[in-house]
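Here is my notebook on one protein model, written up as I looked things up. Have the structure open beside you and follow along.

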Amino acid sequence: MRKVNEKMVAKMIVLKKKGLHIYEISKRFNINDRTVNKYTKNFPHPNQIAVIKEIPDEAKKFSKEKSEILGYLCSEGCENNRTYTCNAYDNRRGKSYLVKKNAPKILFSNTEKILQKRFTFLMKEVYNYKLKPDKKGNFYIARAKVRKDLNNYGNFGSKIWSIPKKLFEPKYKKQAIHFIRAFCDGDATIERKQKEVRIDSTNHNALIELSKLINYIGIPNKCYKFTDRSRIIIKDIKNYLNLISFIHPKKSNDLKNLIYRL
């Protein structure tokens, strides 16, 4: 078998970009297919068909874990439809050109390590989708089937998020509790002086629906509209702790300490 040098690698890359199969390239250089793959792995074959992974059958159910994912995405998620520029090889002209491609993603962002671990667990549990946050705490959901399934329940973003209608059905009451808890892990605050839980949002219509959902599971609250935002205020913090609580460690401790002092 021949020893591979830089000149051979450059030729292999050119041939792969032109659309030659791996086994054809390996024959030309009298090397095996594995060696060709090793030196050209960063250059995808122009005729390669992308494999769209299906979601597990269990993921199609409206589970407590899925509703929790939706709660996190409604509070701190958004639709990320940015384009990126890359080199694409044109077989007809035998040249590479800079082209813009759309790479839609759903973004979830949180710097709290406990919530990052929880979100990672939920995505693996529901969709068998392994995700890792970047250094800024951003998770990017790129898999098309997963995004489509999540968008079946609504959109995500500070001004466009919405409550899944199924949460108001009696059989999904437990799912409603998981949704609210996840949402509040992201957007709720504990006010010590006023002895209340607050939830703020710029999406007034959606916050009204959230207020109704919180009331539906048995926690009285009020929703107020201000100039630049709206706010839910929950005074019955003992009931909130018993029915919903927090996974967020600081919010959980602050709420328990506040109740202890009452």
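**Entry 1: Glu54 and its partner**

I started at Glu54, which is exposed at a relative accessible area of 58%. My cut-offs are under 20% relative accessible area for buried and over 50% for exposed, with partly exposed in between, using a 1.4 Å probe and protein chains only. Glu54 forms a salt bridge with Lys145, and the closest N and O atoms are 3.7 Å apart. I count a salt bridge when a side-chain nitrogen of Lys or Arg is within 4 Å of a carboxyl oxygen of Asp or Glu. Lys145 is partly exposed, with a relative accessible area of 30%. The pair links distant parts of the chain, 91 residues apart: Glu54 is in the loop between H3 and helix H4 (64-76), and Lys145 is in helix H6 (residues 144-151). Helices here are DSSP runs of H or I with at least four residues, strands are runs of E with at least two, and both are numbered from the N terminus.

**Entry 2: ground rules and totals**

A note to myself on the source: this is a predicted model, in which local features need pLDDT of at least 70 and side-chain atom pairs count only at pLDDT 80 or more, while totals for chains, interfaces and linings use all residues. Residues are numbered from 1 along each chain as its sequence is written, and side-chain values use heavy atoms, with hydrogens and water left out.

I then looked up the totals. The protein has ten helices and nine strands. Of its 262 residues, 44% are buried. The protein exposes about 15900 Å², and carbon and sulfur atoms supply 49% of that; the areas come from the Shrake-Rupley method with a 1.4 Å probe, and for residues only the protein chains shown count as cover. Contact means heavy atoms within 4.5 Å. Among contacts between residues at least 6 apart in sequence, 64% join residues at least 24 apart.

How many salt bridges does the rule give? The count comes to 14.

Next I picked Arg181 and Glu68, whose closest N and O atoms are 3.2 Å apart in a salt bridge. Arg181 lies in helix H7 (residues 173-187) and Glu68 in helix H4, so this pair ties together parts that are 113 residues apart in sequence. Are these two buried or exposed? Both Arg181 and Glu68 are buried.

I also checked Arg229 and Asp228, whose side chains meet in a salt bridge at 3.1 Å, N to O. Arg229 is partly exposed, with a relative accessible area of 28%, whereas Asp228 counts as exposed at 53% relative accessibility. Salt bridges with shared partners join Asp200, Asp228, Arg229 and Arg231 into one network.

Leu115 is found in helix H5 (residues 113-127), and its relative accessible area is 0%, which makes it buried. Beyond its neighbours within four places in sequence, Leu115 is in contact with Tyr72, Asn110, Asp185, Ile247 and His248. Ile247 is 132 residues away along the chain, and its C-alpha atom is separated from that of Leu115 by 7.3 Å.

Leu122 lies in helix H5 too and counts as buried at 0% relative accessibility. Setting aside neighbours within four places in sequence, I found Leu122 in contact with Glu65, Glu68, Ile69, Tyr72 and Tyr127.

Where does Ser245 sit? Ser245 lies in the loop between helix H9 (237-243) and helix H10 (249-261). Ser245 counts as buried at 16% relative accessibility. Leaving aside neighbours within four places in sequence, its contacts are Arg181, Tyr240 and Ser252. Phi of Ser245 is near 65°, a positive value in a residue other than glycine.

Asn30 also has a positive phi, near 55°, and is not a glycine either. Its place is in the loop between H2 and H3.

**Entry 3: H2 against H3**

Helix H2 (residues 22-29) and helix H3 (residues 33-40) pack at an angle of about 105°, with their axes 8 Å apart. The axes are lines fitted to C-alpha atoms over the stretch in contact, and angles run from 0 to 180 degrees between N-to-C directions. H2 and H3 are therefore roughly perpendicular to each other, a label that covers 65 to 115 degrees, with under 35 as roughly parallel, over 145 as roughly antiparallel and the rest as oblique. Ile22, Tyr23, Ile25 and Ser26 of H2 make the contact with Asp33, Val36 and Asn37 of H3.
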